[in-house]
Amino acid sequence: MTIDTEKLIERMAAMVEPVRPLARPWIRTAAWLLVAIPYVALVVFVVSPRADLISKASEWRYVIEQLAALATGITAATAAFATVIPGYDRKFLFFPVLPLAIWLGSLGDGCVEDWIHFGPDGLSLQPDWFCFPAIVLVGAVPAIAMAVMLRRGAPLTPHITSALGGLAAAGLGNFGLRLFHSQDASVMVLVWQVGAVCVLAVMAALAGRYLLNWRSIISTKGRSVLLHRL
Amino acid sequence: MKGQLDDHALATLMRAAQRGNTQAYVLLLKEITPRLRQIVRAQRRFLKIADIEDLVQDVLLSVHAVRATYDPRRPFMPWLMAITRHRLADTARLHTRRAAHEVQVENVPVTFSDERTNIDGDQYRDPEALRQAIMALSPGQRDAIEMLKLREMSLKEAAAARGTSIGALKVSVHRAMAALRKALIKES
């Protein structure tokens, strides 16, 4: 024991400042989207939208996949924000499952259709190294905003929280990518785009403990108390 | 429990603390500290009192650091218990990780690997007694000690020089060391 607990309480109380309670997860998600969506729109505008975007908007498969990618990002963000609130309801963790299932289901269905129509050629896979860096580019600012916002919460489940945050940013990144990248072959989208989203989510999960840990949050927010404690 | 504030009262104190009310914060922290101590003690029975107090302080610091995450519309205790549970698990994980990389030793045998730094510690203090003890050994054992320990010959070299087997030499040197140890302990 480094100092008496009573003294620690007195020091903590002496340094207590008014804090604004964190908003509810869906309100924080809306705030995150206010930063993320304009950035994604800016990137799409700068890179220039795909020439066939208007006609693609009438293709139900493209629309479903885009809406599912966007919904995956939004629900993953809500789940991530819920996980940094102590005592949160665990049902939030399953929020992204449905849109993710729809997204994968639509792509899987597309793969099957391609195989029926074109045979094995319909599932041929060519390298598309553009997807990964493009998703990183489109998802960069949403990811940074997500990290900053998550660090305002409690690091209860760093790996899960970071994975959900990564999925949110990468999902949004993939949504943006398909607005300027003309690659719609289901198998290509599944492997190179959804694959990149999954890889980014796993990378975020691995970085979770470095991004979100009690030691850094206590030393940031309770630095003065800690200094006295040493 | 008797005399303890209920969840509604604690939630009221927490709301006031979020607005920066020092007195409410002190009251809240003093109210939750014995409860935390009790929880930590119940879950970590093997810890010393000082370690339990360290964990309680860790939880208090965590509560302080993330007090903005408390939703004033929700009950207080589930929020506090979630932090406590995660902090205890986190500390246990940290402890396990550290323990996996530690080697427990009673005495560190050397200061540095360099031989010069350890001469004093290893040097025998009574060379005359050692010389006499060696002289008192049987000729075979004395030769084995001289060749292997004093001249630092290899087992192969010493066996060739004495015209004996390595196994016999090992037995000789083992017996010689036991005899020397016995003689020097008796001497001291």
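User: What share of the 230 residues in chain A is buried, and what makes a residue count as buried?

Analyst: In this predicted model, buried residues make up 43% of the 230 residues in chain A.

User: Why is A:Leu42 called partly exposed?

Analyst: A:Leu42 has 13 other C-beta atoms within 10 Å. Buried residues need 20 or more and exposed ones have 12 or fewer, so a count in between is called partly exposed. A:Leu42 is therefore partly exposed. The residue sits in helix α2 of chain A, and its C-alpha atom is separated by 9.8 Å from that of A:Gly176, 134 residues apart along the chain.

User: Which residues have the most contacts inside the largest nonpolar core, and what makes it a core?

Analyst: The largest nonpolar core has 85 residues, and A:Ala80, A:Ile135, A:Met146, A:Ala168 and B:Leu60 have the most contacts inside it. The set is called a core because its members are buried nonpolar residues joined through C-beta atoms within 7 Å. Helix α4 (residues 60-83) of chain A gives the most to this core, with 10 residues. A second, separate core of 9 residues includes B:Ile145, B:Ala158, B:Val173 and B:Ala176.

User: What is A:Ile135 in contact with, beyond its neighbours within four places in sequence?

Analyst: Its partners are A:Ala170, A:Gly173, A:Asn174, A:Leu177, A:Gln193, A:Ala196, A:Val197 and A:Leu200. Each counts as a contact because the C-beta atoms lie within 7 Å.

User: Which residues of helix α7 (residues 139-150) of chain B are buried?

Analyst: B:Gln141, B:Ala144, B:Ile145, B:Met147 and B:Leu148 are buried in this helix. Just after α7(B), B:Glu152 takes a positive phi of about 55 degrees.

User: How many residues does each chain bring to the contact, and which residue classes make up the side of chain A?

Analyst: Chain A brings 28 residues and chain B brings 34 residues. On the side of chain A that touches chain B, α1 (5-14) and α10 (214-221) each supply at least two residues. The largest share, 6 residues, comes from α1(A). The residues on that side divide into 20 nonpolar, 4 polar and 4 charged.

User: What confidence does the predictor attach to chain A?

Analyst: The mean pLDDT of chain A is 87, and 94% of its residues reach 70 or more. Among the elements of chain A, helix α2 (residues 25-47) has the highest mean pLDDT (95) and helix α11 (residues 223-229) the lowest (54).

Terms used:
Residues numbered from 1 in each chain as written. Chains lettered and ligands numbered in written order. Predicted model: local features only at pLDDT ≥ 70, side-chain atom pairs only at ≥ 80, totals over all residues. Contact = placed C-beta atoms within 7 Å. Helix = DSSP H or I, 4+ residues; strand = E, 2+ residues; numbered from the N terminus. Nonpolar A, V, L, I, M, F, W, Y, C, P; charged D, E, K, R; others polar. pLDDT = per-residue confidence, 0-100.
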